[in-house]
Amino acid sequence: MAKYKVSADIGGTFTDIVVEDDRGAVRIGKVPTTKENPALGVLQGIGELVGDPSEIDFFVHGTTVGLNAFLERRGAKTMLIMTGGVSDTYTIARGHREELYKLHYRKPEQLVPRRNVHEVQERMAWDGSVIHELSEEDFKPIIEKAKTEDFEAIAVCFLHAYANPAHELRAREILKKALPNISVSLSHQVAPEWREVERASSTVMDAYVAPVVELYLHTLKAELGKSGMDKTVHVMGSSGGVMTDRLATERPIATLMSGPVGGSIGGCELARRTGLKNLLCVDMGGTSFDLSLVVDGQPEMTSETVLEGLPLLMSIVSIDTVGAGGGSIAWMEAGGLRVGPQSAGSYPGPVCYSRGGAQPTVTDANLFLGRLGNDSLLDGKMKLDSEATGNALTKLGAEIGLSDREIAEGILAISNAKMADAMRTITVGQGIDPRDFTLVAFGGAGPMHAVELARELDMTQVLIPRFPGTFSAWGMLQSDIRHDLMASHIGIMSALDESLLDAEFAALEQQGRGKLREENVPEEAMTFARSVDLRYQGQEYSINVPIKKSDSIASILELFHSLYERRYGHSQPETETEIISVRLAAIGGFEHGDDGEAFAPRLGDPQVGTREVIFDGANHATPIVKRDHLASSKTMASPVIIEEESATTVVPPGYSITIDTFGNMLITAGESA
């Protein structure tokens, strides 16, 4: 009888597996990511933790397949078709520069070069009325080129298609009839919003990753089916909800931030359980450092983002990423020490992995300074080679006249400074005081650096969740099915026809119900969240304002002014306000287990030994404690190293540690046990 819920987070270094049984008990596992076929790593992890995949009742996973295909520029060969006379808007894009004083600025490289951007004659007006009918003859040379040059995907972005998609739909019919095996992405389905540059960029991104994501999902589903699991495969979406593999294949752009988002949703569940409503979540793995905010118990959301300089219109949990992880390589440049963004990954990995890595990494520095032990990883199943690490650090230090110890401390100092700068960007840089937040650290390397990162920003509380090394995968099990829908609705709020607005939302709700029914969500589990994008007249950018069905225009405007002042420090209530678009989140709720009762410590003495650890240049005899043996309400003083299967938590002197009823670990500055 099926009784397991399983999630898998496929990262650049490890694939994390979380299994929850019907009693709420949780088990975790980590296996190296099999980059040639990520499905193999997932199957290995499931085999080790579940045994019989036919006993899985629900399966969800997060994947960076689409994101990695974009970052590594190995997506599909893509063509873009636009309205005659405006095709250069994609290539020229916007004229602003993000970094005004960067002397060697280079404009971001588009995914489709100018020679592969083509035009067809057609024209819609802003209100969706037809100005010029679609010229089907114009497709003949485009189709011939697609055949002869082996294009794999085509993006179609016509002017004002969000107001009337008829020409884009007809374009797809023409293309699919002549090119049945090619992937076609339409702008009104990917990003039904005004602003052609951003809409074209989003549609191209969807087309660029579509064949890669489709092949991956097809392979994973087939492999799981062969192993005996016949349940629907769910995928974590960038907006914080899950979707079926079929719908993910239809809109692959929605999976771009699939992996990191799980940690943000897990943070929301932590906020609910602990009562700590404002959290700064940091996920440090082997390759990257991801950051997100939970404010008043909800994830920070945005309707647009930028990846590698390319704008995207999509509902997404706001996540910032920098190239800093346990596998970040230390190297020399112009006589100075650098750390990252290059990563050793899982193969060959850090020097201490003994898999052929020759350059020391952040993990090697932690091992050398005693923060990791030779048996710290995966409960001792993975042995680390401290001698090889010492030799590599000595060799690197000799290049600039530093000792192995100084080099190790320098690697951690540089890595921590880089991550702290990223934390300041999403807090202080947005007018947010990080001291009002609790730092939640997870990922395989996050708990090792959490306390020192909190100290950099004067944050006094750090929360390390249960199973921090697989926390993003656990967060996926706390997610609901979610689909984000929107429609452009440009007008002045003071002259707004409320009945027309209600009709817009009713149409979106009907679409949302249809999508949720496709995923077998019962009517009683469906909820719908409304919001509108507003701006002051004459401005370019808008603010998303959550609203209720019963809200009046006056109350919506009052909330907008309040949100505007919170973000920018002032508001203009006397200025006319415009509505730009209406948005609806269609949510299908799951029953989520509460593992609080399932948490129980193992018997035995938590302390298993003592190790010399270097903190701030001095040696400290530091207790080594096994987290699995720490009881609820247990309090300890630092310094201490707390080890568990998925991560190691490093707490320097000057802190106290308490375990709550859910097994989470709260680290507080300036207190003693």
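How many of the six residues of strand β13 (residues 279-284) are buried? Six of the six are, so β13 is largely enclosed by the rest of the structure. Buried here means under 20% relative accessible area, exposed means over 50%, and partly exposed lies in between, with a 1.4 Å probe and protein chains only. Strands (E, at least two residues) and helices (H or I, at least four) are DSSP runs numbered from the N terminus.

Before we go on, a word on the model: it is predicted, so local features need pLDDT of at least 70 and side-chain atom pairs count only at pLDDT 80 or more, while totals for chains, interfaces and linings use all residues. Residues are numbered from 1 along each chain as its sequence is written, and side-chain values use heavy atoms, with hydrogens and water left out.

Back to β13. In a regular strand the side chains alternate between the two faces of the sheet. Here Leu279, Cys281 and Asp283 point one way, Leu280, Val282 and Met284 point the other way, and all are buried. Two strands count as paired if DSSP finds at least two bridges between them. β13 pairs with β14 (residues 289-295) in the antiparallel sense over six bridges, and the two form a hairpin with four residues between them. Leucine 279 has valine 294 as its bridge partner in β14.

Next, helix α4 (residues 139-148). Its buried residues are Phe139, Ile142, Ile143, Lys145 and Ala146. They cover an arc of only 160 degrees around the axis, judged by the directions from the helix axis to the C-beta atoms, so they sit on the same side of α4. An α-helix has 3.6 residues a turn, so residues three or four places apart point the same way. Lys140, Pro141 and Thr148 are exposed on the other side of α4. The cover over the buried residues includes β5 (78-83), β6 (117-120) and α5 (166-178). Just after α4, aspartate 150 takes a positive phi of about 60 degrees.

Serine 7 belongs to strand β1 (residues 4-10) and, at 0% relative accessibility, counts as buried. A polar atom of its side chain lies 2.6 Å from the backbone oxygen of alanine 473. Leaving aside neighbours within four places in sequence, the contacts of serine 7 (heavy atoms within 4.5 Å) include Asp16, Val60 and Trp474. Asp16 is also among the residues touched by glycine 469, as are Lys30 and Ser646. Glycine 469 lies in the loop between β22 (461-464) and α14 (471-476), and it is buried, with a relative accessible area of 4%.

Our last stop is an open sheet of four strands, in the order β27-β28-β30-β31 and with mixed pairing. Its edge strands are β27 (607-615) and β31 (648-651), each pairing on one side only. β27 and β28 (residues 618-626) pair in the antiparallel sense over eight bridges, and arginine 611 has threonine 622 as its bridge partner in β28.

Conventions:
A polar contact is a pair of N or O atoms within 3.5 Å; within protein, one must be able to donate a hydrogen and the other to accept it, and residues adjacent in sequence count only if both atoms are side-chain atoms.
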